[in-house]
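This report looks at how the side chains of one protein chain pack together, and at the open space left between them.

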Amino acid sequence: MSPAPTAVVFDVGRVLYDWDPRILYERLIDDDRALDAFLRDVVTTDWHFQHDAGRDFADTSAELAALYPQHADLIALWGPRFVDSIGGAVPGMHEIVHELDEAGVPLFAITNFSHEFWPPFRARESALFDRFRDVVVSGEEKLVKPDAAIYHLALDRFGLRPEQAVFVDDNAANVAGAEAVGMHAVLFTDAAAFRARLVELGLPIGALASA
């Protein structure tokens, strides 16, 4: 049996906060079919992943605008308004962060996030992230989950052995990547299931959320 973990390592998008480019662009594109097409064909997941990997928005946006000049103005807003694509807290998750922190559990994060977009978001959400001892940002390191290298780098920086950490992510490949380096890993579905798993792993957190 693996040793009980003593620290929790969070993903950020879709674990701690809702993230969906639609949150931003539905404010800018009135026609639903045009909105769907823009999100599907222009500002794609693969295009955005370049930012997580460390590329500068000035470069990626220029390349995309050259392919879709009719959408250049909308593409240009992705960077300066990226924080507007991040919605509210995932229900129940901030309460879990608060409880763990109050119990003295070391909190960390590994996030696939642009080195340019992270600082304004971190500043906006300082009330939560001030509870974290460190956050490894893929765009700053030019390493992305699920590459084993980012987990090893994070564990070394956090001062943790793999078995000391429980990692939570909504992406199955990222969870598998954490498991492969020896971390306890949880595929996120909702706060209640995650809370139950933390209890099973022996973390000092209540089995039921406060009413």
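In what follows, Ala, Val, Leu, Ile, Met, Phe, Trp, Tyr, Cys and Pro count as nonpolar, Asp, Glu, Lys and Arg as charged, and the others, Gly among them, as polar. By that division, the lining of the largest pocket is made up of ten nonpolar, eight polar and six charged residues. The model described here is a predicted one.

**The largest pocket**

The volume of the largest pocket is about 510 Å³. Its lining comprises 24 residues, and those that lie nearest its centre are Gly-13, Arg-14, Trp-19, Asp-52 and Asn-112. Two or more lining residues come from each of strand E2 (17-19), helix H3 (45-52) and helix H11 (172-180), and of the elements that contribute, H3 gives the most, with four residues.

**The nonpolar cores**

The largest nonpolar core holds 50 residues, and the members that touch the most others are Val-8, Phe-10, Leu-16, Met-93, Leu-100, Phe-132 and Phe-194. Helix H6 (residues 93-102) supplies the largest share of this core, four residues. Apart from it lies another core, of 18 residues, which includes Ala-154, Phe-158, Ala-178 and Met-183. In soluble globular proteins, nonpolar side chains tend to be buried together.

Around Phe-132, once neighbours within four places in sequence are left aside, the residues in contact are Phe-10, Leu-16, Val-97, Leu-107, Phe-108 and Ala-109.

**Two buried residues**

Ser-85 is placed in the loop between helix H5 (72-77) and strand E3 (86-89), whereas His-94 is placed in helix H6. Are these residues buried or exposed? Because buried means under 20% relative accessible area, Ser-85 at 3% counts as buried, and His-94 at 14% is buried as well.

| Residue | Relative accessible area | Contacts beyond four places in sequence |
|---|---|---|
| Ser-85 | 3% | Asp-18, Trp-19, Asp-20, Pro-21, Ile-23, Leu-24 |
| His-94 | 14% | Leu-16, Tyr-17, Ala-89, Leu-128 |

Which residue's side chain does a polar contact join to that of Ser-85? The partner is Trp-19, and the polar contact between the two side chains is 2.9 Å. Trp-19 is also one of the residues nearest the centre of the largest pocket. Leu-16, in turn, is in contact with His-94 and with Phe-132, and is listed among the members of the largest nonpolar core that touch the most others.

Note on methods: Residues numbered from 1 in each chain as written. Predicted model: local features only at pLDDT ≥ 70, side-chain atom pairs only at ≥ 80, totals over all residues. Heavy atoms only, no water. Core = buried A, V, L, I, M, F, W, Y, C linked by side-chain atoms within 4.5 Å. Buried < 20%, exposed > 50% of the residue type's maximum accessible area, 1.4 Å probe, protein only. Contact = heavy atoms within 4.5 Å. 1 Å grid on protein atoms, 1.4 Å probe; cavity = no way out; pocket = protein on both sides within 12 Å on 5 of 7 lines; lining within 4 Å. Points joined across faces, edges and corners; volume = space filled by probe spheres on them. Polar contact = N/O pair within 3.5 Å; in protein donor to acceptor, adjacent residues only side chain to side chain.
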